[in-house]
Amino acid sequence: MSSDALLFYAFAGVAVLGALLVVSQRNPVYSVLALIASFFGLSGLYVLLEAPFVAVVQIIIYAGAIMVLFLFTVMLLNVPREDAAEWDKSHPLYRPGAVRIGAVLALLMALQLGWALSRTPGLSAGVGDDTAAASSVSDLGVKLFSGAGDGSAGYMFAFEVTSILIIIAMVGAVVLARKRED
Amino acid sequence: MSGIIDYVTSPEFIAYSAIVGVVFMALQISAAVMVYAERKVSAFMQQRNGPNRVGPQGLLQPIADIVKLFFKEELRPKAADAFLFSLAPIISVTTAFLAFAPVPFGAPTTFFGLLDEPMALMIADVNVAVLVIFAVASMGVYGIVLAGWASNSKYSLLGGLRSSAQMISYELAYGMSLATVVMMADTMSLKEIVGQQSGYWLGVIPKWYIFPQFLGFFVFACAGIAETNRAPFDFPEAEQELVAGYHTEYSSMRFAMFFMAEYINMVTVSAVAVNLFLGGWHGPFIPTEYGWIWFVIKLAFLLFCYLWLRWTLPRFRYDQLMSFGWKVLLPLATVNLLLTAAGILYFNV
């Protein structure tokens, strides 16, 4: 096995294991930490895809900023440990509706994942020329903020629309959370 | 098998291992030296003698401290979360060491002809070094927050929450002051940023980014002090209100790890400041091969400024800290960023 494949399985393992721990931990603080570990696995995968900028931004934005706020919220609200509910030992099919819907969703996702994997031509194949272009910071900036070069609009419209969406969400949250002063 | 042996005994591998070992040891020793310097400088500023019993001029005081910390009893509160209580100091000290990896500290050298090609005096030459340092610094907050929460004590929790609020507030200004230098240098690699600061303007002024970017340097220095939780921004461990803040319940080596992390973080922030604003290893009189001497001199000066500030300025009030961060530093950093962008467009550099 080549060292790249070995690293891929190691990082992918961390990412998947972390994600599993997020949903299986009863203590919300441990869930947050498992999610951070999962993000580190993803970041390692980006490095393997020769996109160091995306890898570092993944750490700064998700593991560094967003998860700190998550942890902050969990600690401030003092979210208690989730204990097993009474129906936990019954047969899955007799459990309340949310669990049944969740089971259906999980089944659908597993099917979709299997279908997608069956169509992927294996790990050795390249991902495309786009990754090479996006690996350097300046190329990424050019792709985001100006046209693609062949006359089309590139990613600028999508990028700007996303930023407006985020601002709207932020303003909305502030308006909703603000105390009425009248 | 012989391939591995050849690789391990090649001059490149030995030189690289030496660099890694020297940096690792130097960071640990720097923490001990800083503890001694902190005591001596504070004593000087308060007209006392400072430590003078262990060794000549108290020079062996750090060793006595380390021995004491080694042999103290490990205490853990009964109600603490055992796993996270142990994990928190490890996260703190690991991120502190990790942050130094992309920092260059000298001109590329062949080690007096030992190597065929010059090797950069740094551990990891990444092309997004500035962002890596920023990312690792933002991970350091977890050590403090988790220590505060896992101790299950009100002082620790308040210290941890304060520290995360403080670090989030100052990270924005910190990142923006980094961005201005990146814009001027047109690269994110610290090695290349330092490389662009060689030479002189008008024959006398060194081409250091502190001169065009004095606002950026001011913002970076303030945010850097806040990021390392040093006075006058040392709220997470304000003695008068919080006993010792997030490390109230820690003793022995676990406490020593937090302590070491704090001093190593100071060294890293100063080293980054030297590389970004003060021209790294460039300087007059010393040939470039020995540039690391200039680097150490500049680093020592910035570290002295840390101590100078701590023993001169009183601690801010918490609301003053927040309003300073959001209402002064952040707008200043934003204006500086826009001015820099306008300048680069206008002069077309």
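1. **Confidence.** The model is a prediction, with ipTM 0.78 and pTM 0.80. Chain B has a mean pLDDT of 82, and 95% of its residues reach 70 or more. Chain A averages 77, and 74% of its residues score at least 70. One stretch of chain A calls for caution in reading: pLDDT stays under 50 over residues 128-133. For that stretch the model has four contacts beyond four places in sequence.

2. **Chain A overall.** Chain A contains seven helices and zero strands. Along the sequence the pattern reads α-α-α-α-α-α-α. Of the 182 residues in chain A, 15% are buried. Contacts between residues at least 6 apart in sequence were also sorted by separation. In chain A, 48% of these join residues at least 24 apart.

3. **Helices 2 and 3 of chain A.** Helix 2 of chain A covers residues 28-48. Its axis comes within 8 Å of the axis of helix 3 of chain A, and the two cross at roughly 175°. The crossing angle is over 145°, so the pair counts as roughly antiparallel. Helix 2 of chain A brings residues including A:Pro28, A:Val32, A:Phe39, A:Phe40 and A:Tyr46 to the contact. From helix 3 of chain A come, among them, A:Pro52, A:Gln58, A:Tyr62, A:Met67 and A:Phe70. By class, the contact has 20 nonpolar, two polar and no charged residues.

4. **The A-B contact.** Chain A supplies 14 residues and chain B supplies 16. On the chain A side, helix 3 (residues 52-77) gives the most, with 12 residues. The residues on that side are 13 nonpolar, one polar and no charged.

5. **A:Tyr9.** This residue sits in helix 1 (residues 3-24) of chain A. Is A:Tyr9 buried or exposed? A:Tyr9 has 12 other C-beta atoms within 10 Å, and 12 or fewer counts as exposed, so A:Tyr9 is exposed. In sequence, A:Tyr9 and A:Leu45 are 36 residues apart. In space, their C-alpha atoms are 9.3 Å apart.

6. **Helix 5 of chain B.** Helix 5 of chain B has 22 residues. From first C-alpha to last it reaches 32 Å, close to the 32 Å expected at 1.5 Å a residue. How many residues of helix 5 of chain B are buried? The count is 22 of the 22, so the helix is largely enclosed by the rest of the structure. B:Asn152 follows helix 5 of chain B, and its phi is positive, near 60°.

7. **B:Ala150.** B:Ala150 lies in helix 5 (residues 129-150) of chain B. B:Ala150 counts as buried because it has 25 C-beta neighbours inside 10 Å. Beyond its neighbours within four places in sequence, B:Ala150 is in contact with B:Ala80, B:Asp81, B:Leu84, B:Phe85 and B:Ala88. The C-alpha atoms of B:Ala150 and B:Tyr246 are 9.7 Å apart, although the two residues are separated by 96 residues along the chain.

8. **B:Met167.** Helix 6 (residues 154-185) of chain B holds B:Met167. B:Met167 is buried, with 24 other C-beta atoms within 10 Å. Which residues does B:Met167 touch, not counting residues up to four places away in sequence? They are B:Val141 and B:Glu227. B:Ile293 is 126 residues from B:Met167 in sequence and 32 Å from it in space, C-alpha to C-alpha.

9. **Helix 11 of chain B.** This helix spans residues 291-310, which is 20 residues. Helix 11 of chain B reaches 29 Å from its first C-alpha to its last, close to the 28 Å expected. Its buried residues are B:Gly291, B:Trp294, B:Phe295, B:Lys298, B:Leu299, B:Leu302, B:Leu303, B:Tyr306 and B:Leu307. An α-helix has 3.6 residues a turn, so residues three or four places apart point the same way. The cover over the buried residues of helix 11 of chain B includes helix 2 (11-45) and helix 10 (252-277) of chain B.

10. **B:Gln47.** B:Gln47 lies in the loop between helix 2 and helix 3 (61-71) of chain B. Phi of B:Gln47 is near 55°, a positive value in a residue other than glycine. B:Gln47 is exposed, with 6 other C-beta atoms within 10 Å.

Methods:
Residues numbered from 1 in each chain as written. Chains lettered and ligands numbered in written order. Predicted model: local features only at pLDDT ≥ 70, side-chain atom pairs only at ≥ 80, totals over all residues. Contact = placed C-beta atoms within 7 Å. Helix = DSSP H or I, 4+ residues; strand = E, 2+ residues; numbered from the N terminus. Nonpolar A, V, L, I, M, F, W, Y, C, P; charged D, E, K, R; others polar. Expected span 1.5 Å × (residues − 1). Buried ≥ 20, exposed ≤ 12 C-beta atoms within 10 Å, placed from the backbone. pLDDT = per-residue confidence, 0-100. Axes fitted to C-alpha atoms, helices over the stretch in contact; angles between N-to-C directions. Parallel < 35°, antiparallel > 145°, perpendicular 65-115°, else oblique.
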